Each structure stands twice: as structure tokens, then as C-alpha cells.
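Here's a quick briefing on a predicted model.

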Amino acid sequence: MEKAKMFLVRYAEIGTKGKNRYVFEDILCKRIRSRLKPLGEFDVRRDFGRIYIEALSDYDYDEAVERLTKIFGIVGLCPVTVSDELTYESIRKAVIDHFESTFAEDGFDFSFKVHTRRINKDFPMNSMEIDMEIGHDLLEKYESEGLHVDVHKPDIMVEVELRGEKGYVYSKILPGPGGLPVGTNGKAMSLLSGGIDSPVATYMVAKRGVEMEAVYFNSPPYTSARALEKVQKLGTIVAQYSGPIKMYVVNFTDVQLAIYDNCPHDQLTIIMKRYFFRMAADLAKRDDCQAIVTGESIGQVSSQTMQSLAVIDDAVDTPVFRPVIGMDKQEIVEYSQKIGTFETSIEPYEDCCTIFVDKHPVTKPKLYAIEKSEKRLEGIIEPLYQKALESAEVVILK
């Protein structure tokens, strides 16, 4: 297949935004330009409910498609053949060129239908007349090779759009992730770990147009450098969709040991997570993030019962989003396979949550009991907490 010089970007939800639609379109165009910048020179422009990407230099087609089909806001990417001018002969030539470059390699034994959108009403033929003439010309050229018409359930829909002084022809839709362009709905701080759930949760919130940052709690020497590498790899996979993710790596060892030495062991996970949330909230406020994101699902483990989640949330006043809260493990696994994080998530490198778990953790904690235990940390944990925050390393995942 000859690589296309132009793509048509299809979106869905953006089209419902009324008078604000141009804001979403402009941000989507910005994301597209940023993603394609390393690959060559491209012109990205809006045109009455359409976004076009035109290659102005040589480029890697496969890499461009790979990048574009991972941008939130895009539901479909259509390689386009453009007519030189707005005449029937020029449009006919564009359609034939499109068929040759798109289908010649696999043959023409399939059904088709032509659908024309005549945005430029000055064109002398109406949409139905164009459909009929183009269909006739295609059959005349390819019917002997198996091409045939099916107006009800065609294998291929040949789309012809007449806009301005040109005709645009496309027939394939390469699926994108949908959602809204990142940057249209604020910013959030994700608690990213090496498990299956948190990368999925991060992806899901980013898909709603939210710019993502992340925090990872590292506990050397109890966790290895490979555990950190695993989390960075997971964040990089998600960043292929969300754009660059600023991740804080917090050395949590001293805070964790203080909790371990001074608090009841059946409460360790709850108290530890309350400090996770406190640190995440402080980092979120520092960077103007409006929410915390976690991968918790009701009842999945002892610290994710309704009672546990309520006690953990009480530690902060920042909103907490849990996009996988109602999903079972298999659903989350399937989602992780879809976005490409699963194989990395199951690599055998432990994080600090799993190492300090008690054999019989409390499943229905009482807030007053947890707060009473945390009082044992007064005068001990404050300097450790501040040191952990101030020494946090920043990594940009992209």
C-alpha cells in the first residue's frame, strides 16, 4: 500500500460540545502536532467539523499511524486521497488512485458502496449522481476482478467529500481510543504501582481529557531497582496515550518503618495508605492537580472494603477518583491487555504494599482506632514525612 499523504481525523464526543467544540478541536490539533513532530513536517488543520493531517515531508507511515491511533479524542483515522481540483474527472482519478494504492495488493474481490457528501454546493452534480457515476466507473474498471455493489451491507464504504476546491476520498477507518483530548479537563495525581489496576485507572481518567501526573512510593532496600523500572515502564506505556507523565518517586522506607515499629500490625496497610494519600495530596496541591486517582476495586483485598476505603479517604480533603471501583479482576485484566500494560504488570517485582502486609489485616477498620494508632507517630513521623516529600525524584515518562 502506498503511504497516504493525508489523513482525516474522526471524532465523536467532541462533536457534541456545541459552541465550545472549537476549544476541544484546537487542543486535539495541538496533541496531534506534538505527537507527530519527531516524524517530519505536517500541516494539521480544522475545517468545518473535520480535522485534516497533511504530510509535507517524507515520514514513517507505520509509526505515524501507531502514534495517531493512541491519541485520546480520535475515534478513527482515515488515510485520504485528494483530488487536484474540483472537477468530476479529477475526483474520478482520485478514487481510482485510492483503490490502486489501498486494495491492489489484496485484490478487488469485495463489495462496495459510494457515499458522497457535497459540502461545496456549487459542484454541478448532486450527491446521488456522483455516487452512481463513481460506482459505474469502479465497476467498469474492476468488476472483472470481483468487485461488486452491495448498498445494504458493503464490505467497503467509499466516502467522497467535496469541500472547498478539492475532493477527499477515503475508505478505511483505523480505530482510535476515543475519549477527550488530554488537557481539556484539568489535572490529576495518580498513585501508580507495579500492579495491574493502577495503570488501567490512570489510562481511564486520562481518556476523559485529564492531564496525568503520578507518584510511586519506593522502599529500598525492601524493593529492588527492577520494581521501579517496572513502574516506569508501565507509566511509559500509558504515556503513549496520555502524553508525557510527570512522576514523583518518593523514598518511603523511613516513613514505612516508623509505622511498622509504632502501630498495630493488623492496621499497617490502612495507616500506610493514609500516608500515601497525604503525600499524594500534598504533591497534587503543589502542581495544581484537582484529584487523586487510584486503582482500587471494592472488596478486591482487605484494604479495599467499603469501611477501609472510607477510613483511607478521611486522611485527605482532595477528591479521590477510582475508575475501576466496580470492575472485577478479570475485567481489569482484559482492559490492561487491551492497552498493553498486562505483560509488564505481571512481572515478578514486589512493591512496598505487598512486603509489609500483615497475615491477618483488619478489614473493617474504625476511624477512631486508626487515629488513635497514628497518635503514636506524633513527634516521630513528621520529619521523616517532610524529608520524603522534599527528596522526591521527578521522572518524565514519555
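Let's start with two helices: H5 (residues 197-206) and H10 (residues 329-339) pack at an angle of about 65°, and their axes sit 9 Å apart. That angle makes H5 roughly perpendicular to H10.

**H5 against H10**
- The crossing of H5 past H10 is left-handed.
- On the H5 side, the contact is made by Asp197, Pro199, Val200, Tyr203 and Met204.
- H10 brings Lys329, Ile332, Tyr335, Ser336 and Ile339 to that contact.
- Sorted by class, the contact of H5 with H10 has seven nonpolar residues, one polar and two charged.

**H5 against H6**
- With H6 (residues 225-242), H5 packs at an angle of about 15°, the axes being 10 Å apart.
- H5 is therefore roughly parallel to H6.
- This time the crossing is right-handed.
- By class, the contact of H5 with H6 comes to six nonpolar and two polar residues, with no charged ones.

**Cysteines**
- How many disulfides are there? The count is zero, taking a disulfide as a pair of cysteine sulfurs within 2.5 Å.
- Take Cys78: the closest cysteine sulfur to its own is in Cys29, 15 Å away, so that's too far for a bond.
- Is Cys78 buried or exposed? Cys78 has 0% relative accessibility, so it counts as buried.
- Cys289 counts as buried too, because its relative accessibility is 8%.

Definitions and conventions:
Residues numbered from 1 in each chain as written. Predicted model: local features only at pLDDT ≥ 70, side-chain atom pairs only at ≥ 80, totals over all residues. Heavy atoms only, no water. Buried < 20%, exposed > 50% of the residue type's maximum accessible area, 1.4 Å probe, protein only. Axes fitted to C-alpha atoms, helices over the stretch in contact; angles between N-to-C directions. Helix = DSSP H or I, 4+ residues; strand = E, 2+ residues; numbered from the N terminus. Parallel < 35°, antiparallel > 145°, perpendicular 65-115°, else oblique. Left-handed = near helix turned anticlockwise from the far one by under 90°. Contact = heavy atoms within 4.5 Å. Nonpolar A, V, L, I, M, F, W, Y, C, P; charged D, E, K, R; others polar.
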